Amino acid sequence: MEKYIYYSIILFSAFIILLYIYLLYEKVMGIYNLNRRKKYESELIPYIDWIISEIEKREITQEELDKLRIDIRDRIKRELVRDRIIYYIQSFTGDIRRKLIGLSEDTGLVDYEIKKLDERDDFKVALSCRKLGEMRSRTSCSALLKALYRNQLDIKYHSLMALSKIGDMDSFMEGFDVLSKTAVLSERSLIEIVDTFQGDKHELYKRMINHDNSFISSVFIKSAGNFVDGKISEEISKFIMDDDKNKKIAAIKSIGQIGDIRFIDKLIQSLEDESWEVRAVAAKSLGKLQDSRALDVLKRKLSDREWWVRYNSAWSIIRIPGGVEVVEDILSQEDKFAKDILISAVENSGIINEIYTYESSIDLEKRRIYKLITEYANGREI
Amino acid sequence: MNYASKELYDTYKKLTNLITKYDENLNLGMRDENFSHMAGILLKDLHSASYKTGMMEVWMEIDKIQELINGEEGYMDDKILLECLIRCKSFIERNLTKRSKVYICSRNMDEFKDVIRSLELEGFDVIAREDDEDTIDRIYTLLPEIIVIDNDSNNNGLTLFNAIREDGPIASIPVVFTGYKNEETKIEILLLGALDYLEKPLVAMELFIKLKNFMEISKNLSRNTVYDIKTGVYSRKHGREIAKKQFELAKKNKTRFTMLLVDIDKMTEINIKLGKSKGNDVIRDFVEVFKEQISNTNLIYRYSGDKFAVIIFDLEVKDIIVLTREVKQRLVDVSTKYGVDLGFTGGIAILNDEVNAYEDLIMLAEESLNKGKHSQRGEVYIHSSSLEGKQKKNILIVDEDPIILSILSSRYSNKGYGVLTSQNGLEALGLLDENNIDLIITDLIVPGITGNEIIKRIKDKKPSVRILILSSQRGENYIDLALKSGGDEYVVKPFSPVELDLRIQRLIG
């Protein structure tokens, strides 16, 4: 028994020693690599900066290219060159960006990252997808599309984002086709990806808002709203009366974002939709259109059975020119439901600060509104 | 060297005539073999005369084109010859202006022959003329150091003296009288302020020595004259001394120092048309217009006859050009007032690393002025060296991101700007105090202070500093607020470097 105890002590001690050696090795290697990186940084960064300043004026020579190709055989050097070029690509626009993308292709940096997409380590693959997106080389599109089939969410997100940054429309659309079969990314992520698209966005929206997959279609409709693409609002407006609730909501939201008052009647009509989500979004979009024609119907919607519809209607009323008069009207009536929601919207929207300034206004109407709102907000009976 | 030799002076006179004639022909596009030939001979003479007198600048100038003059290269290029002549003239003028002038007014020049010869041998420039209706104008033009008036039995000399004394600008020129023995007249003349009255028959040596002594005294007195009598601006000597001191300071502190040399066009024609006295009024009004346009911190002095040196410390070249245009517009009123066509040609030279001494800067300004005078008058010319080696503009870049700082810093250093960087807004304000900054490139979000606050503070401290905002904030309200706070340009990140270059150029050149 005693023997076993000794054995286990020896084994345990050996394990501790090995662990200690490993930690020591890691620490030493870490310091060594850090010093190496610093050394390379001081040599390479000024050279890359110089090369980049030169390619603005002339073509890079074979000799200069060969030097960079040799340098990037070393992992640390490769990372330094890659990250510096990426930084320039992200900071600069115009012709220089095209030349920088060419430089990342000619040096072989893009090929290195493409090769890494075949690795088993999902983290490394996702990182390579990200780097390929940042390098914006169209040569990596097919490899990125292939990566989209992998199950890991990070890889899907980064490969689609990379396609979006590259801006190749066909590949990007194909990416969404792939995704529609395996859709697992959230709507918010997808809208972010579409918003980032670096190609012809208008053309993309035109093609994609009619996608068979209603989820994907609504993503593009919402993104078009974020892009404030007025040229496509007519196309979007068709979806306001669509049977699909997602598309309907996306279209109403986008029209509000774009601020196209031509479709105000359709939005007013949507306030009567049986879905409370549609009614709530329509109420908010009408506020964004800032057209006084919507005031009467919004005033009516302050008594909607759904709280969000009431709240958004109040939110919109106080934003529409002439809405303050409606506030006065409501506060002088007996509908406590409407009064409460209106005061809540006034307080939450920040408009209350403006109303405080009405206290000493020479305009009697404004002074009256101030009095009505503050007295009601303070819980006193008018 | 204080006095140039008579030989050199005679050559100079020929040179001046030739340039005038030659220049007209060249402007008309005519090539005259005679002129080329004459210029060749004259330059050869001048080459030897300058060597004898030790005027090495002239000697070296001619030496450069000696092969051309000697006909070794065959065809003589008119333009090269003309340029050489102009440069030589300019060098000689600078030396000859040191010659003292004696104006002798007499109806009997024979009596003064010996005195004139002695004075000329001594290196004085003697102008001997009979009294006529143009005497006052002539004295105005020549501004002699001393006047000798030979009084006759009709007291015409006394009349001339009274006229001189009544005319402010030349009243202070010392006058020596000669005349027949007449105690009453002698006392009257001396009471009027004449330096001496030498009785006839004249003793040439006595008059010569007295003139020399008087001129020495006059020279010492004039050395202490601070202001030019006619225009009220600094005299050449004092203006130059002040400018020189300022030049040294500007060189040391690397601040702006620009010389604008202006020459009034067709002043001789104006003097002929209006008379010298009115001509002086024109010059005075011309200077007044200039003085009104430049701020008090700048300096103006009379460089020579119709030339004025304007030293400008607070304006860039493009602003100086704008200023000269404004002066030209204002001169229209002066032209209308006198019924003349008043204009000027200007030459600009800027203090940069290539300029070591104030004299170098003058030479550059003169070169550009001469270029203007011989191509198209009425314009302002900038010396090419001033354009090539433009004053180094300083840029302060403020951004939290060290990489963007390093990229922009190396980019604009390579483009010839002085670049300072800071990652902190408060530190940037400190750098602004300590350095002569022309442009600040700042992000809207920087540690220590908000971008808009930094813009406001910069504008309060140094309103002339230009501000370019380089930010990733692309919202209209951000842009609006930044520009309203005092920003001059707003560039959104990511940005086109070419566009950024152009905007920087637009702001600070």
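Among contacts in chain A between residues at least 6 apart in sequence, 67% link residues that are at least 24 apart. Keep in mind that this is a predicted model.

I'll stay with chain A for a moment. What is its secondary structure made of? It comes to 22 helices and 0 strands. Chain A has 382 residues, and 49% of them count as buried. The chain exposes about 20,100 Å², and 52% of that is supplied by carbon and sulfur atoms.

Here is one residue from chain A to look at. A:Gln333 sits in the loop between helix 19, residues 323–331, and helix 20, residues 336–349.

Now to chain B. Here 5 strands form an open sheet, with parallel pairing, and the order is 2-1-3-4-5. Which strands lie at the edges? They are strand 2, residues 125–129, and strand 5, residues 196–199, and each pairs on one side only. From one strand to the next, the twist averages 20 degrees.

Take one pair from that sheet. Strand 4 of chain B, residues 175–179, runs parallel to strand 5 of chain B, and 4 bridges join them. B:Gly179 has B:Glu199, in strand 5 of chain B, as its bridge partner.

Helix 6 of chain B, residues 113–121, touches strand 1 (101–105) and strand 2 of chain B. The direction of helix 6 makes about 155 degrees with that of strand 2 of chain B. Helix 8 of chain B, residues 156–166, also packs on the sheet, touching strand 1, strand 3 (146–150) and strand 4 of chain B. Its direction makes about 150 degrees with that of strand 3 of chain B.

Last, the place where the chains meet. The size of an interface is often given as the accessible area lost when the parts come together. Between chain A and chain B, the buried area is about 1,000 Å², and carbon and sulfur atoms give 57% of it. How many residues does the contact take from each chain? It takes 11 from chain A and 12 from chain B.

Between the two chains the count is 1 salt bridge. The side chains of B:Arg411 and A:Glu56 meet there, at 2.3 Å from N to O.

Key
Residues are numbered from 1 along each chain as its sequence is written. Chains are lettered from A and ligands numbered from 1 in the order in which they are written. This is a predicted model: local features need pLDDT of at least 70, side-chain atom pairs count only at pLDDT 80 or more; totals for chains, interfaces and linings use all residues. Side-chain values use heavy atoms; hydrogens and water are left out. Helices (H or I, at least four residues) and strands (E, at least two) are DSSP runs, numbered from the N terminus. Buried means under 20% relative accessible area, exposed over 50%, partly exposed in between (1.4 Å probe, protein chains only). Contact means heavy atoms within 4.5 Å. Accessible areas come from the Shrake-Rupley method with a 1.4 Å probe; for residues, only the protein chains shown count as cover. Two strands pair if DSSP finds at least two bridges between them. Axes are lines fitted to C-alpha atoms, for helices over the stretch in contact, and angles run from 0 to 180 degrees between N-to-C directions. Buried area is the accessible area (1.4 Å probe) that two parts lose on being put together, summed over both. A salt bridge is a side-chain nitrogen of Lys or Arg within 4 Å of a carboxyl oxygen of Asp or Glu.
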